[in-house]
Amino acid sequence: MTEPQRILLAGDLHMNKRAALEVIDHAQAVNADLILQVGDFGFWPRARYGGGVEYVTILDDALESAGLELWFVPGNHEDWPEPSKLPIGHDGRRAAGARIVELPVGYHWTWGATRWLAVGGAPSVDKHLRTEGVDWFPEEEVSERQAAAVIDAGPAEVVVAHDAPMGTPFLSERLQQHVPPALRHNWWPLEAIVRADAHQERMRRILEGVRASRWFHGHHHVRYSSNMEAPHGTVRVEGLALDGTPLDELTLLVDSRGEPIPPT
Ligand SMILES: [Fe+2]
């Protein structure tokens, strides 16, 4: 694949064939060269999840017709042990389908003069409703060790993550992070909220450690753009919505520097 100039970022798809096919159609309509998905792609290839293999096959066929590839960072809602069984290619990526590529945590690449970094993973606030090893996996989170390794690997201007960094004005307000977890109006278990905050703090350390100027993410299921002040400068954070929302909330077209391309 030649270096893409028009990249269609896409939010959480949750194995939703219809939404994923709409994203592929939209990518063609806006002349995108690549789809870059920010996690909770919905990679559930094990047979007992029925539909997981079909999902990949149908998307692969549509991507083939469109002449596109779809790259994704893992979200918390993926069958985590499955991608890790796939071999990492010489390019550092994993082929999850004929035209579907998983970007392991810490994978980085360069388009033009811009270094991009993939940081998939997030904690599931609905963990208490799930079964470990079946539909919940402890490796869903970026660990402290992984975060340190990502930072050690050097700067990156653009980060594609599943989770958000702590501290964006929009999300902090929405998640009531100005008050202690126990005092927030929220139906998730307190322990889950504490873990979610801690993971966002870890993302923030990565953001500052790699001196990112742009951060794209999903997971929080809401489309927003927020500027955040970090010690190294202003960071633009873009959250993408989820399957079932309009395409202008689910997707964002950017160039190889991560700069949004206005709709024509
Ligand atoms: Fe998620």
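**View 1. Arg211, in the loop that joins helix H6 to strand S9.** In this predicted model, Arg211 is found in the loop between H6 and strand S9 (214–217). Its backbone is worth a look: Arg211 has a positive phi of about 60° although it is not a glycine.

**View 2. Helices H4 and H6, side by side.** Here we meet helix H6 (residues 190–210) again, now with helix H4 (residues 144–152). The two pack at an angle of about 15°, and their axes are 9 Å apart. H4 and H6 are therefore roughly parallel to each other, and their crossing is right-handed. On the H4 side, the contact is made by Glu144, Ala147, Val150 and Ile151. H6 contributes Arg202, Arg205, Ile206, Gly209 and Val210.

**View 3. Helices H1 and H2, another packed pair.** What angle do H1 and H2 make as they pack? It is about 10°, with the axes 10 Å apart. Since angles under 35 degrees count as roughly parallel, H1 is roughly parallel to H2. To trace the contact, look for Lys17, Ala20, Leu21, Ile24, Ala27 and Gln28 of H1. Their counterparts on H2 are Tyr55, Ile58, Leu59, Ala62, Leu63 and Ala66.

View 4. H2 covers residues 52–66, and at 1.5 Å a residue its 15 residues should span 21 Å. Which residues of H2 are buried? They are Tyr55, Val56, Leu59, Ala62 and Leu63. Seen down the helix axis, these buried residues fall within an arc of 135°, so they line one face of H2. That face packs against helix H1 (17–29), strand S3 (70–72) and strand S5 (100–102). On the other side of H2 you will find Glu54, Thr57, Glu64 and Ser65, which are exposed.

**View 5. Phe41, a buried residue in a loop.** Phe41 lies in the loop between strand S2 (34–37) and H2. With 31 other C-beta atoms within 10 Å, Phe41 is buried, because 20 or more are enough to count as such. Which residues does Phe41 touch, leaving aside those up to four places away in sequence? They are Leu13, Phe72, Gly75 and Glu78. Asn16 is 25 residues from Phe41 along the chain, and the C-alpha atoms of the two are separated by 8.6 Å.

View 6. Met15 sits in the loop between strand S1 (7–10) and H1. Its phi is near 60°, a positive value in a residue other than glycine. Met15 is buried, with 21 other C-beta atoms within 10 Å.

**View 7. Ala241 and the residues it touches.** Our last stop is Ala241, in the loop between strand S11 (233–239) and helix H7 (247–250). Ala241 has 21 C-beta neighbours inside 10 Å, so it counts as buried. Not counting residues up to four places away in sequence, Ala241 touches Gly11, His221, Val222, Arg223, Glu249 and Leu250. Pick out Arg223 from that list: although Ala241 and Arg223 are 18 residues apart along the chain, their C-alpha atoms are separated by 4.8 Å.

Methods: Residues are numbered from 1 along each chain as its sequence is written. This is a predicted model: local features need pLDDT of at least 70, side-chain atom pairs count only at pLDDT 80 or more; totals for chains, interfaces and linings use all residues. Helices (H or I, at least four residues) and strands (E, at least two) are DSSP runs, numbered from the N terminus. The expected span of a helix is 1.5 Å times one less than its number of residues. A residue is buried if 20 or more other C-beta atoms lie within 10 Å of its own, exposed if 12 or fewer, and partly exposed in between; C-beta atoms are placed from the backbone. The arc is that of the directions from the helix axis to the C-beta atoms. Two residues are in contact if their C-beta atoms, placed from the backbone, lie within 7 Å. Axes are lines fitted to C-alpha atoms, for helices over the stretch in contact, and angles run from 0 to 180 degrees between N-to-C directions. Angles under 35 degrees count as roughly parallel, over 145 as roughly antiparallel, 65 to 115 as roughly perpendicular and the rest as oblique. A crossing is left-handed if the near helix is turned anticlockwise from the far one by less than a right angle, and right-handed if clockwise.
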